[in-house]
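Me: I would like to read some features of this model with you. Let us go one feature at a time.

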Amino acid sequence: QVQLVESGGGLVQAGGSLRLSCAASGSIFWIDTIGWYRQAPGKQRELVAVIASGGSTNYAGSVKGRFTISRDNAKNTVYLQMNSLKPEDTAVYSCNANIRPTAWGTSRNYWGQGTQVTVSS
């Protein structure tokens, strides 16, 4: 079984910074793509940022230049550094990963439980 556990959310003033972490544990051979999604009240969940195993990244247009995603493969952990936060960044941020449990298995998709980020104006 695989678990994704997020941490680092909280309340911050506009213009401030937060760093989210997502640690994967359990039966893991390799993590393919891993990233962050967010869902604000009354809105659909949206992609924030994703990073592939080779290091290539993709960001939502609304966070480009402010957020940076990175990963530590040795720790099975992905990070999201969020700078210049805006009230519209307020949402529940969830980690999502495609993980291979064994060398011969196929990737399966997993979600974390989410962490609240609140940006006050």
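Reply: A search of the whole structure finds one cavity of 30 Å³ or more. A cavity is a set of points on a 1 Å grid over the protein atoms alone where a 1.4 Å probe fits but cannot get out; lining residues have an atom within 4 Å of a point. Grid points are joined across faces, edges and corners, and the volume is the space filled by probe spheres set on the points. This is a predicted model: local features need pLDDT of at least 70, side-chain atom pairs count only at pLDDT 80 or more, and totals for chains, interfaces and linings use all residues. Residues are numbered from 1 along each chain as its sequence is written, and side-chain values use heavy atoms, with hydrogens and water left out.

Me: Which residues line the largest cavity?
Reply: The lining consists of I31, I34, R71, D72, N73, N76 and T77. Two elements give two or more residues to it: β4 (30–39) and β7. Strands are DSSP runs of E, at least two residues, numbered from the N terminus. The space inside is about 30 Å³.

Me: How many disulfides are there?
Reply: A disulfide is a pair of cysteine sulfur atoms within 2.5 Å. The count comes to one. C22 is joined to C95, S to S 2.2 Å. The pair links distant parts of the chain, 73 residues apart: C22 in strand β3 (residues 18–26), C95 in strand β9 (residues 91–100). The link is left-handed, with -85 degrees about the S-S bond.

Me: Why does C22 count as buried?
Reply: Buried means under 20% relative accessible area, exposed over 50%, partly exposed in between (1.4 Å probe, protein chains only). C22 is buried because its relative accessible area is 0%. C95 is also buried, at 0%.

Me: Where does R66 lie, and what does it contact?
Reply: R66 is in the loop between β6 (57–59) and β7 (67–72). Contact means heavy atoms within 4.5 Å. Leaving aside neighbours within four places in sequence, R66 contacts Q81, M82, N83, S84, L85, K86 and D89. Its C-alpha atom is 5.1 Å from that of N83, 17 residues apart along the chain.

Me: Is R66 buried or exposed?
Reply: R66 counts as buried because its relative accessibility is 10%.

Me: And D89, where is it?
Reply: D89 lies in the loop between β8 (77–82) and β9. D89 is buried, at 1% relative accessibility. Beyond neighbours within four places in sequence, D89 contacts R38, R66, F67, S84, V117 and V119.

How values were computed. Helices (H or I, at least four residues) and strands (E, at least two) are DSSP runs, numbered from the N terminus. On a 1 Å grid over the protein atoms alone, a cavity is a set of points where a 1.4 Å probe fits but cannot get out, and a pocket is an open set with protein on both sides within 12 Å along at least five of seven lines; lining residues have an atom within 4 Å of a point.
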